[in-house]
Amino acid sequence: MNPFEMVVIIVAIVSIAGILKAKYGVRRDRHGNEYHVNDQESARLRDEVKMLRDRVAVLERIATDKESSLEREIEKLRDQR
């Protein structure tokens, strides 16, 4: 077996292993530890991330609003006196 054939076989084995890991939901964290991903858990986490993004968007809008609604409400109350 020449070196070229050996490299092709190694690449094929690594590729097949990667495909099988993806099929069975095996992931790695940033420390290199492998864990299995549950589809239900993934869906739950996606929903949670979406909810948190929406909340952050609201907070950003409140923080960047130059005339915040709170100030307007305070001014309305002052004008009512």
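Patches are made of residues with over 30% relative accessible area and no salt bridge, where like charges are joined within 9 Å and nonpolar side chains (Val, Leu, Ile, Met, Phe, Trp, Tyr) within 5 Å. The structure is a predicted model, in which local features need pLDDT of at least 70 and side-chain atom pairs count only at pLDDT 80 or more, while totals for chains, interfaces and linings use all residues. Residues are numbered from 1 along each chain as its sequence is written, and side-chain values use heavy atoms, with hydrogens and water left out.

**Exercise 1. State which residues make the nonpolar surface patch, and decide whether methionine 1 is buried or exposed.**

Step 1. The patch consists of Met1, Met6, Ile9, Ile10, Ile13 and Val14, and its area is about 630 Å². Accessible areas come from the Shrake-Rupley method with a 1.4 Å probe, and for residues only the protein chains shown count as cover.

Step 2. Methionine 1 lies in the segment before helix H1 (3–23). Helices (H or I, at least four residues) and strands (E, at least two) are DSSP runs, numbered from the N terminus.

Step 3. The classes are buried (under 20% relative accessible area), exposed (over 50%) and partly exposed in between, with a 1.4 Å probe and protein chains only. Methionine 1 is exposed because its relative accessibility is 71%.

**Exercise 2. Describe helix H1 by its span and by what lies at its start and after it.**

Step 1. The expected span of a helix is 1.5 Å times one less than its number of residues. H1 has 21 residues and reaches 30 Å from its first C-alpha to its last, close to the expected 30 Å.

Step 2. At the start of H1, a side-chain oxygen of asparagine 2 comes to within 3.2 Å of the backbone nitrogen of phenylalanine 4.

Step 3. Glycine 25 follows H1 and has a positive phi, near 75 degrees.

**Exercise 3. Find how many salt bridges the whole structure has, and explain the placing of their partners in helix H2.**

Step 1. A salt bridge is a side-chain nitrogen of Lys or Arg within 4 Å of a carboxyl oxygen of Asp or Glu. The search finds two.

Step 2. Glutamate 48 pairs with arginine 44, their closest N and O atoms being 3.4 Å apart. These residues are about one helical turn apart because they stand four residues apart in helix H2 (residues 39–64). Glutamate 48 is partly exposed at 34% relative accessibility, and arginine 44 is partly exposed at 46%.

Step 3. Lysine 50 pairs with aspartate 54, with 3.5 Å between the closest N and O atoms. They too are four residues apart in helix H2, and so about one helical turn separates them. Lysine 50 is exposed at 53%, whereas aspartate 54 is partly exposed at 42%.

**Exercise 4. State which elements have the lowest and the highest mean pLDDT.**

Step 1. The protein has three helices and two strands, in the order α-β-β-α-α.

Step 2. pLDDT is the predictor's confidence in each residue, from 0 to 100.

How values were computed. Polar contact = N/O pair within 3.5 Å; in protein donor to acceptor, adjacent residues only side chain to side chain.
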